[in-house]
Amino acid sequence: MELHELTIHELRDRLLAGEITAAGITASVFARIGAVDGRVHAYVSLMREQAEAEAERADAAIQRGDAKPLTGIPIALKDVCCTKGVRTTCGSRILENFIPPYDATVVERLREAGAIFIGKTNMDEFAMGSSTETSYFGVTRNPWDLDRIPGGSSGGSAAAVAADECIAAIGSDTGGSIRQPAALCGVVGLKPTYGRVSRFGLIAFASSLDQIGPFTKDMEDCAILMNVIAGYDPRESTSVPEEVPDYRSFLDRGIDGWTVGVPKEYFIAGIDPEVEAAVRRAIRVVEGLGGRCVEVSLPHTRYCVAVYYIIAPAEACSNLARYDGVKYGFRSAEGRDLLEMYKKTRAAGFGAEVKRRIMIGTYALSSGYYDAYYKKASQVRALIRRDFDEAFGTCDVLMTPTTPTPAFRIGEKTEDPMQMYLSDIFTISTNLAGIPGISVPCGFTEAGLPVGVQFLAGHFQEGRLLQCASAYEKNAQIEKRRPPL
Amino acid sequence: MENIRISKDEVAHVAHLARLEFGETEMEKFTAQLNDILLYMDKLNEVDTSGVAPMTHAIAQKNAFREDAVDPSLPPEDALANAPAARGGCLQVPKVID
């Protein structure tokens, strides 16, 4: 096996045993990027020089016996996380030349844990999209089939992990942007509870929904990264001062005697039969582990897309008001006065999907429409959360498909925004309720496309997700395949 | 006019509020797409929400207070380093007042 194919825990064992070096791992990852990223296009920017210097320092630290949890491990960052001195574009022309003067908290924590940053990964512009096709820097391709999308918005991070162009990656999830691409690229992706991971330095999309989380090759790596990134941050007033458990301690506990809810609203007409079959097989594996799978109902599921596409754009139009060509980012040279400068800057700086969402949000919040749209959506949001509260009254976790279909073709949904929005149908309600969710690989379609199964738990119950998903991973015997690149 | 939720004039007004501008073809396309999206939102009217308090936060939290103490903040030259135009320690913009 090449070093870039290994997991964090496998590499760490071999690093500490002195069998390999951080410099060797980093070189292997960059060689892999050189070989495949021309086709995949997972990265917007690479950080090779810094990474090589970091690798040398990591090797010295290991020699001194001073290894931290991620010392020498190459990690990729979604280009929505601010990196001091390294361009952070958010997939947008308007931030094409933005060089943050500070690090996001998640970047700081990973750095302190010894991680080596490889580069910034491609994403839908401002994380608005489900396919990584709206990036100003071009589309990312699915490593399992280069004619298909990798999912989105964290498509670059998911593709980079799937194609072994990094060992693990960081993404963000506002309506499924970690779990959906994880499912479509055949990797593990976790969206933590709202408030579990600091959003300081995460470029804001929808502030009541955004959350940062890991992409990994297996469950153990997911727990390792969660141990590093979770926790209270005094700089982020919605981060929650709740104790962070050792997530690795959940991995081997098993789920004998658990009640696993299977929401009937997630097995709808229109779901791909191969996806449904793979998830039904996963349910049988969970039953074999001593989980009692019971049908439950989340009756407001059918409204989640409508609620989300009011609330997320409403918050986005406010968050994106700051891009006005004054403080940072692109400015159009055409405007003769201030108002014209704002309009021309934003018209040229934002892509079509971002403009669409700013328009929906502005309309939904505008005088005369607020009650009909924003207030109504916020009320239905409360009912969606209530559905989950009731389900978790009797269930330890819930189990669903992550996506209704495998990866679709590039260009298939770009002309029809509503069809694109419906591809998030199984992931959105998690963000609306603020609960954690994880997508784990559960097999392949006949055409060789990955399928993901999603587990959901109550607020701050990431441990349960890891416990259940890890038990599943160990027993599902999903065939180990690598993308045909 | 059953299926019209937003007119081209309204789209132009909202674009002004959002500090955006569109060309003629873009405007036609946006009006049609926004209309489709708003039509989809109609399904929320099926839900009886009388007496339901709107949810604004995922996690119920009290106000997050901190001590009113001075911490180091961004030096002015760092804060201005990304500005499209700056002069004399200030951000520079097109003329606002005649």
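How many salt bridges does a search of the whole structure find over all chains? The search finds 30 of them, a salt bridge being a side-chain nitrogen of Lys or Arg within 4 Å of a carboxyl oxygen of Asp or Glu. This is a predicted model, in which local features need pLDDT of at least 70 and side-chain atom pairs count only at pLDDT 80 or more, while totals for chains, interfaces and linings use all residues. Residues are numbered from 1 along each chain as its sequence is written, chains are lettered from A and ligands numbered from 1 in the order in which they are written, and side-chain values use heavy atoms, with hydrogens and water left out.

The interface of the two chains may be considered next. Here 50 residues of chain B are in contact with 68 residues of chain A, where contact means heavy atoms within 4.5 Å. Between them the chains bury about 5200 Å², of which 67% is on carbon and sulfur atoms; buried area is the accessible area (1.4 Å probe) that two parts lose on being put together, summed over both. L44(B), M55(B) and N82(B) supply 13% of the area that chain B buries against chain A, more than any other three residues.

Four salt bridges are counted between chain B and chain A. In one of these, K29(B) pairs with E415(A), and the closest N and O atoms are 3.5 Å apart. On the side of chain B that touches chain A, the elements giving two or more residues are α1 (8–17) and α2 (24–41) of chain B; helices are DSSP runs (H or I, at least four residues) and strands likewise (E, at least two), numbered from the N terminus. The largest share, nine residues, comes from α2(B).

Within chain A, strand β7 (residues 259–263) and strand β8 (residues 292–296) run parallel and are joined by five bridges; strands pair if DSSP finds at least two bridges between them. G261(A) stands opposite V294(A) in β8(A). From β7(A) the chain passes through helix α8 (residues 273–288) of chain A to β8(A) in a right-handed β-α-β crossover, that is, with the strands pointing away from the viewer, the path from the first strand over the helix to the second runs clockwise.

Elsewhere in chain A, E52(A) and R48(A) form a salt bridge (2.9 Å, N to O). Both lie in helix α3 (residues 48–63) of chain A, four residues apart, about one turn of the helix.

The loop between β3 (116–121) and α5 (155–162) of chain A contains S153(A), which a cis peptide bond joins to G152(A), with omega about 10 degrees. T132(A) also lies in the loop between β3 and α5 of chain A, and its phi is near 60 degrees, a positive value in a residue other than glycine.
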